Structure formats: C-alpha cells, structure tokens
Amino acid sequence: MVIEVASCGVCGTDRSIFRGEYEVAPPMILGHEYVGTVVEVGRSVTRLAIGDRAVVDPNVVDGICFFCQRGQSHLCSGLSPLGVGRPGGFAQWSLVPQTYAYPIPDQVPFSDAVLTEPLACCIRGIDQAKVTVGDVVVVLGAGPIGGLLMQLSRLSGAAFIICVEPAPGRHELARRAGADVVCLPGDASGALREIRGTVGADVVVEASGTLAGAQSTFSLVRRGGTILLFGVYPQGGDVALSPFHVNEDELRVVGSLNNPNTHSRALELMASGRLELRGVISHHLPLDDIAFAMDLDNFDRPGKVVIDLLAS
Ligand SMILES: [Zn+2]
C-alpha cells in the first residue's frame with residue numbers, strides 16, 4: 001500500500017546514518033518512525049483501506065533465515081527495514097507492505113501515534129527487564145526513551161523509580177514521567193541507599209547510551225537483579241565486568257533490540273490514555289529542515305524531533 005506520510009520522527013539511527021557511522025546503500029530515503037494516511041492499496045490488501053490512518057512497523061524481515069524460523073524475527077539475518085534498507089518516511093509517500101502497517105485507533109492523534117515505534121521498542125525493553133509489581137527501578141537517562149521506560153515501569157507496578165540524569169534541564173521531564181527521585185550520576189548510589197539501604201535496585205535500566213552509564217549499572221543492581229542495556233552504545237566500546245560478581249550475585253544482564261510484536265500493544269496503550277505523551281516531542285519541523293534536524297547540537301534540551309509533512 002502507499003501511505004501519504006503525515007509525520008516521521010527522527011531517530012538516533014537516522015543521525016548515525018547521516019553522519020556516515022552506520023552504513024546503508026545510497027541513495028536511501030531515511031526515516032522509520034512514521035504515520036500517515038493510506039492513499040493506495042494493492043489487490044491483496046485487506047487490513048486497511050484508502051483513507052485509513054496507519055502507523056508503520058519498519059522492520060521488514062526475510063521470514064526464511066535461522067532466526068525468523070525460531071520465532072526471533074527481530075534478529076533476522078536479512079532484516080531490511082523501511083528507512084534503512086528500503087525507502088522510508090522522510091518523503092511525501094511511502095510504499096509499505098500491509099503486514100507492516102497498523103491501523104491507528106480513532107482516539108490517538110498522529111502527533112502521538114508517531115511515537116509508536118519508539119514506544120514499541122520500550123515495551124520490548126520492559127519485557128526483557130521483567131519489571132514487576134513492587135520493584136525498585138533505576139533508569140539512567142531522561143531523554144524521550146528514558147521517559148517512556150519510566151512510564152512503562154510505573155505501569156508495570158514499580159514501587160519506586162530513581163532517574164539518573166546529568167542534565168538538570170531534563171529533571172522536571174523525568175518527574176512528569178514518573179520518577180520519584182531525580183538525581184545527578186554521582187548521587188545515584190546515595191539516592192538508592194536511602195530507599196533500599198545497601199541492597200540495590202531490582203532492575204537497572206540503562207537508557208543514556210553511554211559507557212559510563214553502562215559501567216555504573218553494576219554498582220546499582222541488587223543481588224539477583226536485572227540490568228537492561230537499552231541505549232545505543234558506541235560500537236567497540238567496552239566496560240569492565242567482574243565475572244565473579246555476575247556469578248556470585250546471580251545478575252541478569254539483558255539487551256533489547258527493536259520491537260518484535262509490540263506495535264499493537266503500543267497502540268492499545270496509547271488509546272487507553274494511560275501514557276503521558278505531552279513533552280516527549282520537543283520539536284516539530286518541516287521536511288525542508290531535515291539536515292538541521294539531523295544534528296542534535298542544533299537543539300536546546302532536545303526531546304523527540306519530528307518532521308511534519310502535512311500541516312496537522
Ligand atoms: Zn530472517
């Protein structure tokens with residue numbers, strides 16, 4: 001089907017590709033977090049009709065590799081995502097296979113639905129971390145992703161959430177996302193001690209994408225606890241790990257890639273009204289400003305930057 005794109009979010013992946021750090025075969029239309037209206041359908045399209053609003057799951061898989069056949073299609077060897085391996089959403093129109101287009105519930109505006117893909121990634125992360133009722137959770141990083149991970153932790157029953165964020169300008173946003181305490185990196189252990197004594201957190205969610213953040217998780221997690229490494233870290237970067245500590249304290253260290261089968265959950269959650277999405281998007285820009293949008297240094301306190309192709 002052809003979707004007339006209304007809005008497309010700018011992801012860290014788009015910025016990495018733009019800087020040449022993440023290789024794709026040019027020419028490529030980037031953008032994989034997009035929503036729009038169906039304007040044309042092929043004969044076999046039954047799920048959506050012309051005029052329907054749709055959000056895209058960009059992760060087009062081959063369906064035939066080892067991982068697809070083991071039900072882990074997000075690890076697909078032939079992954080060819082819209083906006084990375086095939087033309088994406090920074091364009092007026094986009095060709096999308098119907099399997100990868102979801103109808104947007106009536107009560108969800110485009111301006112929220114454009115967050116479906118990152119939200120779906122965060123749902124996968126919380127599933128991987130197994131946040132459960134009564135947990136004390138530490139979230140490192142209060143960007144748009146850290147904020148969503150805090151909201152999902154709260155919805156999963158976390159009793160107490162500590163957010164660690166070096167930029168004081170983001171502390172208020174973290175509180176709105178559900179953090180009970182927001183502190184600077186140097187104060188994280190002290191904040192945790194006030195709640196848990198020397199025990200540590202049940203779950204530590206690393207969403208700053210920094211090696212320093214990843215390193216600090218090992219001093220914050222409790223025995224038997226879980227570390228979720230959710231950020232996009234510099235390739236080839238290392239942190240020191242004590243195998244003795246991991247074994248002796250029975251730590252779980254887990255990753256989270258993409259969003260297998262979580263888009264429809266993200267949409268239902270948005271439709272429920274239980275998420276606070278105000279403030280997650282910090283900037284709306286026209287497509288003409290796409291090059292400007294690719295450099296985060298152009299923004300003061302950036303949250304999610306969204307390119308709007310249609311006036312909403
Ligand atoms: Zn595959």
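Tutor: Begin with a definition: a residue is buried under 20% relative accessible area, exposed over 50%, and partly exposed in between. Keep in mind that the model is predicted.

Student: At 26% relative accessibility, how does Arg222 count?
Tutor: Buried needs a value under 20%, and exposed needs one over 50%. The 26% of Arg222 lies between these cut-offs, so Arg222 counts as partly exposed.

Student: Which residue forms a salt bridge with Arg222, and how far apart are the closest N and O atoms?
Tutor: Arg222 lies in strand E10, residues 221-229. Its partner sits 20 residues away in the chain, in strand E9, residues 201-206. That partner is Asp202, and the closest N and O atoms are 2.6 Å apart.

Student: Is Asp202 buried or exposed?
Tutor: Its relative accessibility is 8%. The cut-off for buried is under 20%. Therefore Asp202 counts as buried.

Student: Which residues are linked with Asp202 in a network of salt bridges?
Tutor: The Asp202 and Arg222 pair is already in hand. The network takes in both of these residues, and Arg196 as well. Linked with Asp202, then, are Arg196 and Arg222.

Student: Which strands does the salt bridge of Glu33 with Lys304 link?
Tutor: The closest N and O atoms of Glu33 and Lys304 are 2.9 Å apart. The pair links distant parts of the chain, 271 residues apart. Glu33 is in residues 33-40 and Lys304 in residues 304-308, which are strands E2 and E13.

Student: Why do Glu33 and Lys304 count as buried?
Tutor: Buried means under 20% relative accessible area. Lys304 is buried because its value is 9%. Glu33 is buried because its value is 3%.

Student: Is Glu21 buried or exposed?
Tutor: Glu21 forms a salt bridge with Arg19, with the closest N and O atoms 2.9 Å apart. The relative accessible area of Glu21 is 53%. The cut-off is over 50%, so Glu21 is exposed.

Student: What radius of gyration does the protein chain have, against a compact globule?
Tutor: The chain has 312 residues. A compact globule with that number would have a radius of gyration near 20 Å. The protein chain agrees, at 20 Å.

Key
Residues numbered from 1 in each chain as written. Predicted model: local features only at pLDDT ≥ 70, side-chain atom pairs only at ≥ 80, totals over all residues. Heavy atoms only, no water. Rg over C-alpha atoms; globule rule 2.2 N^0.38 Å. Salt bridge = Lys/Arg side-chain N within 4 Å of Asp/Glu carboxyl O. Buried < 20%, exposed > 50% of the residue type's maximum accessible area, 1.4 Å probe, protein only. Helix = DSSP H or I, 4+ residues; strand = E, 2+ residues; numbered from the N terminus.
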